[in-house]
Every structure is written in structure tokens, then in C-alpha cells.
Amino acid sequence: MRADRNLAVFDFDWSLIEQDSDHWCTSHLSAAAWAKVQEQAKSVQWTDLIDQTFSELQDQGVTIEQMQQVLQKIPFTPAMLETLKALNSHDTHVVILSDANSFFIETILEAYGVRDLVHHIITNPAHLDDHTGRLRIERRRPQSAPPHQCPHPCTPNICKGQELDAYLALHGPYQKIMYVGDGTNDYCPATRLREGDRYFVRNGKGLKAYLEEHPDDLAGIKATITYWDTSITVHEAVEQEVL
């Protein structure tokens with residue numbers, strides 16, 4: 001990898017797109033199913049719960065095509081679509097690092113015609129069962145694997161900081177890294193950013209609240225931070241700074 005190339009890393013839900021894909025897809029297919037998810041969210045690991053929910057929806061007759069139709073309508077702002085195009089024109093490597101799943105992400109990117117602008121997707125794997133044709137969603141880090149032992153607020157199925165470490169070891173070095181996120185699990189990868197890198201923190205979400213509640217963690221981030229409300233802010237920075 002050329003050392004003069006930049007890297008752009010995006011969380012997916014509420015970062016690259018304008019919704020939570022689990023909530024969007026589940027609630028549009030069945031309000032009752034989403035209500036059940038909310039009831040069980042504190043007692044069942046989230047990825048397992050979404051897999052269980054979609055297994056039950058398929059038991060009730062929901063098809064892969066119906067899921068795709070719902071996902072294809074999820075909000076994706078023109079400014080963020082233009083951001084991906086700008087990054088591509090700058091020859092920047094684009095990665096999605098998300099706790100969603102590969103089926104949702106791939107379906108949405110393809111619907112908006114930007115799948116070819118994303119180089120790699122790091123997320124919970126989803127697949128269609130060879131025998132039944134049913135969608136199954138698995139943890140990025142299997143339950144049988146040793147715990148990742150991350151001291152930051154990462155979920156058991158994925159440590160985004162460790163995933164970024166592994167990606168950089170395989171594909172780096174990069175001249176500059178930008179990271180766009182909104183959730184508390186987007187703090188950990190920020191600890192890997194350097195001076196001169198860029199960190200885009202969405203206002204009104206869990207990551208911003210976490211940083212406000214943990215000023216020492218905020219002070220330890222070396223990258224330049226931009227707080228954003230709309231994707232226009234991210235797009236303008238990418239264009240003006242040639243990220």
C-alpha cells in the first residue's frame with residue numbers, strides 16, 4: 001500500500017446512513033417484532049437477537065425480497081453519497097467498520113449505486129443458508145472465541161479498535177486516517193488515531209455523550225475532532241482538506 005494514500009473509515013448506522021438499519025428493517029416489516037426486540041435487548045446479545053428476530057420473521061413468511069425492498073428505501077443523504085464519490089476521486093481507501101451486518105450493508109450500498117466506492121466492509125457476517133435459503137446473521141467475533149478483553153465500551157462481538165489495528169497491519173501505512181462515527185463503540189478506534197488524523201463525532205448520539213462524560217478519554221484523543229449534525233459537514237471537510 002502506498003504510504004501517501006489516505007484511509008476513510010465509516011461506522012454505518014447514523015454515520016454513513018441516516019438510520020439504524022436493524023430498527024428500520026425490523027420495524028418496517030413488523031411493529032410487533034420490533035417491540036419484542038426492545039423487550040429482550042437487555043437480556044440477549046444484540047447480534048444474536050437480530051438473528052433470532054429475522055429467523056422468526058422468516059417463519060412467519062417474510063421473504064429475502066421483502067427485506068431487500070425495505071432496506072433499499074433507508075435514508076442515505078445526497079451529501080454522504082457525494083462524500084463517497086469525493087473520497088474515490090481522491091484515491092482514498094474507504095472502509096465500513098460496523099456492528100450491523102453484511103446483508104444489510106451490501107443491500108443498501110447496492111441500492112444507492114455506491115458499493116464499488118467501498119473497498120472493504122468489516123462487520124457481522126450474514127449469509128443465506130445453503131439448504132434453506134434463509135438469512136442468518138452471526139457475530140463478527142464468535143461466542144466460542146476468547147473475549148477480546150478491550151477496556152473500552154466495545155460490544156462482545158466486535159472490538160472496533162482491534163479490527164482497525166488488524167486492518168492497518170494488513171493494508172497500511174496511510175498518510176492520514178479519518179473516522180466517522182456516532183456510537184460509544186466508535187470511541188475505541190479513535191485511540192488508534194494520530195495527530196493529523198480526523199475524527200468526526202456525530203452530535204446527539206452515544207459517542208458524543210460518552211466523550212462528555214469521560215473528559216480524560218476525550219483529552220487522550222490525538223486526532224482533530226469535528227462534531228457534526230449533518231453529512232454536509234463531513235462532505236465539506238473531505239473536499240476542503242482533500243481527505
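**Exercise 1.** State the strand order of the open sheet in this predicted model, and name its edge strands.

*Solution.* Step 1: six strands make up the open sheet, in the order β3-β2-β1-β6-β7-β8, and their pairing is parallel. Step 2: an edge strand pairs on one side only, and this applies to β3 (120-124) and β8 (224-228). Step 3: on average, neighbouring strands of the sheet are turned by 15 degrees against each other, direction ignored.

**Exercise 2.** Describe how β1 is joined to β2 and β6.

*Solution.* Step 1: strand β1 (residues 7-10) runs parallel to strand β2 (residues 93-101), and four bridges join the two. Step 2: on the β2 side, Leu 7 has His 93 as its bridge partner, while Ala 8 stands opposite Val 94. Step 3: β1 also pairs with β6 over four bridges, again in the parallel sense. There, Ala 8 stands opposite Met 178.

**Exercise 3.** Find which residues of β1 lie on each side, and decide whether they are buried or exposed.

*Solution.* Step 1: side chains in a regular strand alternate between the two faces of the sheet. Step 2: in β1, Leu 7 and Val 9 are on one side, with Ala 8 and Phe 10 on the other. Step 3: buried requires under 20% relative accessible area. All of these residues are buried, so both faces of β1 are covered.

**Exercise 4.** Identify the strands touched by helix α5 and give the angle of this helix to β1.

*Solution.* Step 1: helix α5 (residues 78-89) packs on the sheet and touches β1, β2, β6 (177-181) and β8. Step 2: the directions of α5 and β1 make an angle of about 155 degrees.

Key. Residues numbered from 1 in each chain as written. Predicted model: local features only at pLDDT ≥ 70, side-chain atom pairs only at ≥ 80, totals over all residues. Heavy atoms only, no water. Pairing = 2+ DSSP bridges. Axes fitted to C-alpha atoms, helices over the stretch in contact; angles between N-to-C directions. Contact = heavy atoms within 4.5 Å. Buried < 20%, exposed > 50% of the residue type's maximum accessible area, 1.4 Å probe, protein only.
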